[in-house]
Amino acid sequence: MSDDPEIRPIPFDPKALLEHVPGHGRLLGIEYHAHGEDWMELALPYDPRQIGQPDRGVIASGPILSLMDSATSMSVWLKRGGMLPQATLDLRIDYLRPATPGRTVIGRGECYRVTRSIGFVRGQAHDGDPDDPIAHVAGTFMTTAGFQ
């Protein structure tokens, strides 16, 4: 990574980004929920188009993984004080139970440490009770800013 002093994070408003920038998350219906200095919460409203088990009405794992990838990625930008180009290096997800049909899934990602090029994250998804999570995640993101 370069030591170029010109490479600085671009400040951003997470709520505005989600509401105005088209992309995968918007196509899935992911919405802003809340954020802090190093954490991000996103909401995935229940949508019958995302059902993975038609006989039970349970949301497939893919949209939940996308929700958590987005929430943890944005938590790194919040911790860094703005956006830098980055890629998911690793994101482990442990599914603990199926999402309850009809409920919105909340994904919370937290960046607990950043180095010059790596952001370390953790988080959880739940559908109304954080003490009864659907899944836990842990992972790393690598900024590509300054690499040639």
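Is Arg116 buried, partly exposed or exposed? At 48% relative accessibility, Arg116 counts as partly exposed. The cut-offs are these: buried is under 20% relative accessible area, exposed is over 50%, and partly exposed lies in between, with a 1.4 Å probe and protein chains only. Arg116 sits in the loop between β6 and β7. Its C-alpha is 20 Å from that of Phe12, and the two residues are 104 apart in sequence.

A word on the model. It is predicted: local features need pLDDT of at least 70, side-chain atom pairs count only at pLDDT 80 or more, and totals for chains, interfaces and linings use all residues. Residues are numbered from 1 along each chain as its sequence is written, and side-chain values use heavy atoms, with hydrogens and water left out.

Now the sheet. Six strands form an open sheet, ordered β1-β2-β6-β7-β8-β5, with antiparallel pairing. At the edges are β1 (31-35) and β5 (86-95), each pairing on one side only. On average, neighbouring strands of this sheet are turned by 20 degrees against each other, direction ignored. Helices (H or I, at least four residues) and strands (E, at least two) are DSSP runs, numbered from the N terminus. Two strands pair if DSSP finds at least two bridges between them. Strands of a sheet pair through backbone hydrogen bonds, either parallel or antiparallel.

Two pairings in detail. β7 (residues 118-126) and β8 (residues 135-143) are antiparallel over eight bridges. Here Ile118 stands opposite Met142, and Gly123 stands opposite Val137. On to β5 and β8: nine bridges join these antiparallel strands. Arg92 has Ala138 in β8 as its bridge partner.

Stay on β8 for Thr140. Thr140 counts as buried, at 15% relative accessibility. Leaving aside neighbours within four places in sequence, its contacts include Ala87, Thr88, Leu89 and Asp90, and also Ile118, Gly119, Phe120 and Val121. Contact means heavy atoms within 4.5 Å.

Axes are lines fitted to C-alpha atoms, for helices over the stretch in contact, and angles run from 0 to 180 degrees between N-to-C directions.

Which residue of α3 deserves a look? Take Thr72, in that helix. Thr72 is buried, with a relative accessible area of 0%. A polar atom of its side chain lies 3.2 Å from the backbone oxygen of Asp69. Not counting residues up to four places away in sequence, Thr72 touches Leu91, Gly109, Val121, Arg122, Val137 and Phe141.

Last, the core. A nonpolar core is a set of buried Ala, Val, Leu, Ile, Met, Phe, Trp, Tyr and Cys residues joined through side-chain atoms within 4.5 Å. The largest one has 22 residues, and Leu42, Leu44, Ile64, Leu67, Val105 and Ile134 touch the most other members. β2, α3, β5 and β8 each give two or more residues to this core. α3 gives the most, with seven. Look at Leu67: not counting residues up to four places away in sequence, it touches Ile30, Leu42, Ala43, Leu44, Val105, Ile106 and Gly107. In soluble globular proteins, nonpolar side chains tend to be buried together.

Notes
A polar contact is a pair of N or O atoms within 3.5 Å; within protein, one must be able to donate a hydrogen and the other to accept it, and residues adjacent in sequence count only if both atoms are side-chain atoms.
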